[in-house]
Structure formats: structure tokens, C-alpha cells
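Trainee: I have a model to go through. Please take me over it step by step.

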Amino acid sequence: MSATITTKGNTGSGPKGAGKKQYDRLLLSILGYVSISLLAILCIIPFLMIISSSFTEESKIVEEGFQLFPAAFSLDAYELLFKYPGQMLTAYGVTISVTVLGTVAGLFLTAMTAYVLQRKDFKWRNKFSFFFFFTTLFSGGLVPWYLMIINYLDLKDKLLVLILPMLLNVFYIIVMKSFMSSIPEAITESAKIDGAGDFRIFIQLIMPLSKPALATIGLFIALGYWNDWYNALLFISNENLMPLQYYLYKMLGNMDGMRRAMVSSGAVVTMNIPTESLKMAMTIVATGPILLAYPFIQRYFVQGLTIGSVKG
Amino acid sequence: MNRRGFLGDVRKYKTLLLMLAPAVLFFLLFAYVPMAGIVLAFKQFNYNGGIFGSPWNGWDNFRFFFESGNAWMVTRNTALYNIAFIIVNNALQIGAAILLFEAVGKWFRKLTQTVMFLPYFISWVVVGAIAYNLFNYDVGTLNSILTAVGLEPVDVYNTPSYWPFILVLVSAWKALGYGSVMYLAAITGIDTEMYEAAEIDGANIFQRILHITIPNLYPTVIILVLLAIGNIFRGDFGMFYNMVGNNGLLFSSTDVIDTFVFRSLTTSNEIGLSAAAGFYQSVLGFATILLANYAVRKYDKDHALF
């Protein structure tokens, strides 16, 4: 409709210019809505496929393969999984304990370290900052680290090995530090005059003021622990200490292992185990809490990215 | 070096030093002591001797690593994959961020941003499960579709030549949301006065994007890309290991330094070789990150890492 107003070659401003611009905007909007929709669909489709496959009858999967929509709806996989959770339940317990302990301890230490490093009156803060930062530039590699944990710290097959190696991350310390340096120094100064010690200032004054950063970094740490499988791959062979993601990894790669796991948790030996749909159901159950919490925690991650995107 | 002054400082900062102690201990144990373990690269490891007691064997581990041809293959794969990831991921993320900012409504932006961010939150194990769902020869969705339309099924897990494309796609898929949020933040920070001025001058929206939005993103892009280049010799172990695993058929096109080091350590138990390859990667990585930081420094001092 605006095209009828606009005449070619008219360079004037006002309603004519606006008409021309609306046409450009329309084109861009179409481009935007189409391509962004496409990208978003590509991002979500794999999840839908897993969900659909987990609800498909096993015989249909064997016959026709996984489909985007269940060829024949069935709850067999979930029924089996919830009836004989066995190992999966243990893995859930391990992951939850590791995530809770690791996040609480890691977050506290990250904040405490960051607080000291940003104290302007602390003479050696740059030296210590470099001491931490250098570890992101150079490392001894996998082997010495691995041997350190296995031979010297003797952590193989201990719950602690799933927590300790991921406890601190230099990047989080840097983000936390830059957040805390935005808290007015006068707070620390005046508390000191009132006779408060450094640790008390940190706990009673700085921690409450750092809540936004604590929430964001806490969630990053928690996500790291929840999704970790690598430390288990290297250090855990005791089945009772396997975290969820590693358990899922084992089950995906090993159908016999899955049968054994189902049988040992009480399923009847002769039972026909729907391995393919079960794999998908396990994936859903292992990811479930994240998918459920995701809509609520997503904004904290966005926040964290924008705090830390400039430097780091 | 005033000794009394130093001790005085220690006393003065006693609490602060105690507060730092756990973190210092952590990095000593998990980073600095292992750094000393680099000597393993020049040793023939045995468990009785441990890191420091095993006998030296000079450059043998390195010689073996290089003469087997593995060194060149994994280095090439690591660098080429990272270059492809940097180009594809950044182009997609910048494009998506611009469209999210300029072209779509607020409600739609929030919704799609949430959806696109989702892959970032799942573990690589779950991504491995998705790949299995898609590419499995017998039951994979891809082959279900291909056979449904009368085409031959493809054997993805036996065909190395597909994997560069698959891995680039997977990487782009997982990083899209994260990266576009980051670039979106940079675009949101652009001074709106510039846009208003352009509007008065009669610029259309495409000219505006081309001449204002994109040039204003250059600093962010250059810094992020340079830092990514600094990590070009570090492979994403989680991704490669969960997508490919120990499938030797695919190694020619998928083996990166990190997976090679891991396998040498855990599967073939060649500790000296693994340490040598890890040391080689550390040195290479250290050199590139110094170079990248030097470049960032030249470009914009404020954004240099150090």
C-alpha cells in the first residue's frame, strides 16, 4: 500500500521515505522470521526425535527405524525404567550429591578467592592473579594430571574425584572478581574502621551484595557438575559411584551391559528388553531435570554471558 | 628485599592470605605439580618409579610420536576443525544475532533465543545419543527417511569423509545460542544515536546493518576470533569422544590431539607417548595463545588477556 505513495527517484523525507523504509523492513522481517524459525527448529528437532523414539514400540523401531513421530505409541521403555530403576537411581544419587556439594564448595571458594584478588589494598593481588591465570595458558597435559590424581592423591574410585578436579575455574574467578570490583570500596573501608575482620566483611557484607553473580556462576558450576562424565570416564570403575551422564554413556555404547543392568536390578531374565527405545528413554530421564529447570534458569546464563563476555 | 617488611606484610595480610590458601593449594595440586610432570615426556614410565623415579629415554617418545605419522595427522585435524568451527560458528552467530535484533519482534526473539540456547545445556553424552538416533545404520532416523523415499541407506559410522561436515554442524548447533546471545549483547550496546542519524540520512535497513551494525561488531568479533585462534590446537575432547568414540575406522578424519593423548593413556597404556603428545600440544598451544594475545594487544590493548 505504501508503494502507491512512493515514486521512484524521490529523495525527499517524510511519508515517502518512510514508505520506502517499510518495504525494506518487510523484506528483512521475512528473511528474519524465516531463517530464525529454521534455526530454532533445527535446534529443537533432535530433542523431539529422542522423545518420540522413547515412546515408540520397540518392534516398530527394529522394523522401520527411529521416526520423527512415534509409529506405534508405547510406554514400555519408561515402564521398565521406572519399575527397575536400580543403577539409574544410584547414578541419580551420585550426580545430585556431586552437584550439590561441588556447587556449594566451588561457589564459596570462587567468591572468596575473587574477593581477595580484587582488594585494592592487597599488595600481592596481581602476583596471585597471575599465578591463577597462568594455568589457563600452559598445562602439563593429561598424563601428569591423571597420574597426580591416581598415584599421588589416591582418588581413584572415590566420590571426591568427581568433585575436586572441577572445584575451581579461573574463568569464573575472573568474572566474579570483575563483578565484585563494582561494589563500592567504601563498604570494605568503613567496615574495617568499625573493626570487622576481612573474612567477616566477605561473609556478611560482600556475599549478600554479590547475589546476582553468585546465582549466575553457581548455575554454571552446577551445570558443569551435572553434565560431567569425563572425570568418571577417567577415574571411576565402581558401578555404585557412576554419575548419571557416565552411566548413560555406558548404556548407549553397550547393549549387553544394559541387559545386565536391567537384570541385576530385578527385571526378568527372559524378558524382551526394548533396548533402542530404552536408550532414548534413559537419555530423556538423564536430561529431564535440565530440560525442566531450563526455562527458569536460562536468563541467569544470559546474564552471565553478558557480564563475562567482554573480558575473559 | 626487606625481610622484616615481608614478614610484616604477611602478618598484615594474614586473613586475606588464609582466604586465598584453598585456591592456591588447588592450583598447586591440579596445575603446577602436574606441570613438573612434563618430565614424563622424556621418560620411560613404569609404575614403580612413578613420575620422578622412572628412567630417562631422551627424545624417544617424541621420535615415536612423529615418525608414526600420528603427530602430523592429529595436529592437522585439530587445527582444521578449529578453523572450520571458528568460521562457521561465528558467521552463523553474527547472522542470527543481527536478525534477532533487527528483524523480529520481541516475543519471537525471546522464544527463539530460548530454543536456540537449549543445546548448550546438554552434555556431550546426550549429543552422542542424538547422533546415534540420527545416524545409526539399522535404526537411525536418517536412514529411515532415506529408505522411506526409496534411497539407499548410508553407513555414516563407517565413512570417514562424512565426519568433517557432521562435526562442523554439531559444533555449530551446540554453540549457536550461546554465541548469538553474546553478539546480541554487543549489538544492543551500539549507540542508538548512530541509528537515528542514519535514519535521518535516509539509509534503508540493509544499509544500516551493513554500515553501522557490522562495523560496530568488528571489535568484538576480532577479539573473540583471535582468542579462539589462540586455542586452535586444543580439541574439544567431549565432542570428539562422544561423537566418534573409539571407532578406529574414522580416525583418519576425526582424531584430534586430545583424543589421541587420551587413547594412548587409557587404551594402549603408552604413557610416555601420551605425555610427549600432551607436552607437544601444551607448547604449541602456549605459543599460539601468546601470538594471539600479542595480536589482540596490537589491536586493542584493553582486551588483551595480559
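Mentor: Start with a definition: two residues are in contact if their C-beta atoms, placed from the backbone, lie within 7 Å. This is a predicted model, where local features need pLDDT of at least 70, side-chain atom pairs count only at pLDDT 80 or more, and totals for chains, interfaces and linings use all residues. Residues are numbered from 1 along each chain as its sequence is written, while chains are lettered from A and ligands numbered from 1 in the order in which they are written.

Trainee: Which residues of α7(A) does α4(A) meet?

Mentor: Helices are DSSP runs of H or I, at least four residues, numbered from the N terminus. On the α4(A) side are A:T110, A:A111, A:T113, A:A114, A:Y115, A:L117 and A:Q118. The contact has 8 nonpolar, 3 polar and 1 charged residues. Here Ala, Val, Leu, Ile, Met, Phe, Trp, Tyr, Cys and Pro count as nonpolar, Asp, Glu, Lys and Arg as charged, and the others, Gly among them, as polar. From α7(A), the partners are A:Y172, A:I173, A:M176, A:K177 and A:M180.

Trainee: Why do α4(A) and α7(A) count as oblique?

Mentor: Axes are lines fitted to C-alpha atoms, for helices over the stretch in contact, and angles run from 0 to 180 degrees between N-to-C directions. Angles under 35 degrees count as roughly parallel, over 145 as roughly antiparallel, 65 to 115 as roughly perpendicular and the rest as oblique. The axes of α4(A) and α7(A), residues 170-180, lie 8 Å apart, at an angle of about 55 degrees. The pair is therefore oblique.

Trainee: How many helices and strands are in chain A?

Mentor: Strands are DSSP runs of E, at least two residues. Along the sequence the pattern is α-α-α-α-α-α-α-α-α-α-α-α-α-α. The count for chain A is 14 helices and 0 strands.

Trainee: What share of chain A is buried?

Mentor: A residue is buried if 20 or more other C-beta atoms lie within 10 Å of its own. Chain A has 312 residues. The buried share is 40%.

Trainee: Which helix gives the most to the side of chain A that touches chain B?

Mentor: Across this interface, 84 residues of chain A are in contact with 76 residues of chain B. Helices that each supply at least two residues include α1 (15-54), α4 (86-118) and α14 (275-308) of chain A. By class, this side of chain A has 50 nonpolar, 23 polar and 11 charged residues. The helix that gives the most, with 21 residues, is α1(A).

How values were computed:
Buried ≥ 20, exposed ≤ 12 C-beta atoms within 10 Å, placed from the backbone.
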